[in-house]
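User: I'd like to learn how to read helix and sheet packing in a model. Can you walk me through it?

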Amino acid sequence: GQICPSLMLSDLPPPKRAALWRFLRDVSPLLASMVSVLPPRYARVKELLESAEVFIHVERLIRRAQRGGQRRFTDVYDVGCGHGLVAMIVAAEYPGMRVHAVDIEPRESFMAQKMAFAKGGTDLNNLTFEAGDLSSLELIAESRSNGIGTQNIRSLLLCVHGCKSLTHESIELASRYGWAWLAVPCCLQVENHLAPSAKVQLPDKTRFMILCGALAMKYGAENVEGIDSRVTARGIVISSSGGSEDNQGRM
């Protein structure tokens, strides 16, 4: 079975709570410190595990890009960030990067987690919340493509469980500007990824995997990986390290 979305950290028996703590500490000691002072009503087990698992894949992408001789990332954009924990872990572990959490408005849990990071000893001075949607990010990308002195900027776009068209529209934006990207798709729609006349009459799990494969092929993904299915039913992670350095920040 999968973890119930309403399961709180305080609901776990001591042995399981200790095991979760060890896992979070291994992924990011700064995350574990934050959780230790996070008000219990915000400590949802599924959100903690899912965010930690996604961060593992983000870090792999960052390391792969660096091993490939590409410039270090300067900016990370988490589009439709929700509670924002993925962006916060990235900001905590990579203080030299500018991390932008993008959503219509900040959730109460976003503010609580940010305060808990500070209370745990990590001031996320490199993290900003930017109210808006993908069109806001398009304006940022466009201004950079026309700017001067942006040759040292290298960006990574994250889209974790974006609803409906947000996943592929985020990837398309990243691709246009040569950005690296990492997506964890959620509710993919057939008409966005297969031929207009295509009909897919398959169980939901199989249908989702086929659409993820189509998305990965269409956008030239370099890696397709997975998150433990006990954490989420939508645990396929698709990523690309982006275009060449010469194309970075250009149309």
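User: Which strands does helix α3 lie across?

Analyst: In this predicted model, α3 (residues 45-67) lies across β4 (155-160), β5 (180-184), β6 and β7, running at about 160° to β5. Helices (H or I, at least four residues) and strands (E, at least two) are DSSP runs, numbered from the N terminus. Angles run from 0 to 180 degrees between N-to-C directions, with axes fitted to C-alpha atoms, for helices over the stretch in contact.

User: What is the strand order in the sheet?

Analyst: Strands of a sheet pair through backbone hydrogen bonds, either parallel or antiparallel. Here the open sheet of seven strands reads β3-β2-β1-β4-β5-β7-β6, with mixed pairing; a pair needs at least two DSSP bridges. The edges are β3 (127-131) and β6 (223-226), each pairing on one side only. β6 and β7 (residues 236-240) pair in the antiparallel sense over four bridges, and Ile236 in β7 is the bridge partner of Gly226.

User: At what angle do α2 and α4 pack?

Analyst: Two packed helices are described by the angle between their axes and the distance between the axes. For α2 (residues 29-37) and α4 (residues 85-93), that's about 125° and 9 Å. That makes α2 oblique to α4 (under 35 degrees is roughly parallel, over 145 roughly antiparallel, 65 to 115 roughly perpendicular, the rest oblique).

User: Which residues meet there?

Analyst: Pro29, Leu30, Leu31 and Met34 in α2 meet Leu85, Ile89, Ala92 and Glu93 in α4, contact being heavy atoms within 4.5 Å.

User: How are the numbers and cut-offs set?

Analyst: Residues count from 1 along each chain as its sequence is written. Local features need pLDDT of at least 70, side-chain atom pairs count only at pLDDT 80 or more, totals for chains, interfaces and linings use all residues, and side-chain values use heavy atoms, leaving out hydrogens and water.
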